[in-house]
Amino acid sequence: MTTVGELWASTTEVIGDRNHARWLVETAVSVDSIDEAVAEPVTDRMVAHLDRMVARYRGGEPLQYVLGHWAFRHLELAVDPRVLIPRSETEEVTGVALTIARRVHPRRVLELGTGSGAIGLSMAYELPIEGTEVWITDIDPDALDVARANLAGIGRAARNVRIAAGSWFDALDTSLRFDVIVSNPPYIADGDLEVATDVLEYEPHRALFSGSDGLDAIREIVSGAPARLRSGGSLVLEIGYRQGATVRSLLLAAGFSGAEIIPDAAGLDRIAVASVP
Ligand SMILES: C[S@@+](CC[C@H](N)C(=O)[O-])C[C@H]1O[C@@H](n2cnc3c(N)ncnc32)[C@H](O)[C@@H]1O
């Protein structure tokens, strides 16, 4: 009889990372925490599941896709190669958007380019149920399928979420106005050599790249947002760490006031926030 603890030890030996081995085994044997299951016996089916995951992991596929889920703020999101793997910087972007949204009641929030649903579904989940409406959009119907699957994981707050398909603001009826618009758009320049190989190979290119300077999507969102914001409403954008000054200029040129660039936990320019009068 093999135990969960033994499987963890042998997997650690094979892949050389104890934490990654823990998460793979937890997923294969379907437990929330391996610590409570180390002495439990494993079945052949669990071992076969683990072997398949380990083979994918050793082949270079990102751990998050191999696991099929990843934690984002308070949610455990389903993720697969149809969507970008949610990043920790984006948790910070979501935190900024939430702080602004909490000041308004009732509030209508829009997330453009939702992918897995990370930002928009977290906002719906963390804001009070009463007086909250969150719209999430994406151009990619496959990504919206993943977001829909994740909608089920936010419980009662799901009733506050509306889903729309289409390119940026074209996804929405022109009469809709929002208090907060938030987006982590694609912002990498085509051909950027800093992009890691596994990102290039596995993550959806439409979620990553945006023209020769990486700013095509940001330009479109910044120019379209003022007409979609209610008076005093705010735009919150995740941006590339070298884009702060340019995005600030774009925001001011589009008529926003008080455009601010906020660094992420690593001290890099990452979040642009601006409001309309
Ligand atoms: C950087 S990913 C962000 C995904 C998710 N919001 C997150 O933060 O993890 C950008 C998303 O924008 C979507 N996207 C790209 N072009 C778009 C467009 N023209 N209109 C709407 N969404 C678009 C992509 O499909 C992708 O899901």
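Analyst: Two strands are taken to pair if DSSP finds at least two bridges between them, and the elements themselves are DSSP runs numbered from the N terminus, with helices being H or I of at least four residues and strands being E of at least two. This is a predicted model, in which local features need pLDDT of at least 70 and side-chain atom pairs count only at pLDDT 80 or more, while totals for chains, interfaces and linings use all residues. Residues are numbered from 1 along each chain as its sequence is written.

The sheet is open, with 7 strands in the order 5-4-3-6-7-9-8 and mixed pairing. Strand 5 (161-165) and strand 8 (257-263) stand at its edges with a single partner strand each, so one side of each is left without a neighbour in the sheet. On average, neighbouring strands are turned by 15° against each other, direction ignored, where axes are lines fitted to C-alpha atoms, for helices over the stretch in contact, and angles run from 0 to 180 degrees between N-to-C directions.

Within this order, strand 7 (residues 229-238) pairs with strand 9 (residues 269-275) in the antiparallel sense, over 5 bridges, and Ser234 has Ser275 in strand 9 as its bridge partner. Helix 9 (residues 216-228) packs on the sheet, where it touches strand 3 (107-112), strand 6 (178-183) and strand 7, and its direction makes about 160° with that of strand 7; residues count as in contact if their C-beta atoms, placed from the backbone, lie within 7 Å.

As for the wider setting, the domain assignment of the protein chain, whose bounds come from an automatic or database source, gives domain 1 (4-59) and domain 2 (74-275), and the C-alpha centres of these two domains lie 34 Å apart.

Note on methods. Two residues are in contact if their C-beta atoms, placed from the backbone, lie within 7 Å.
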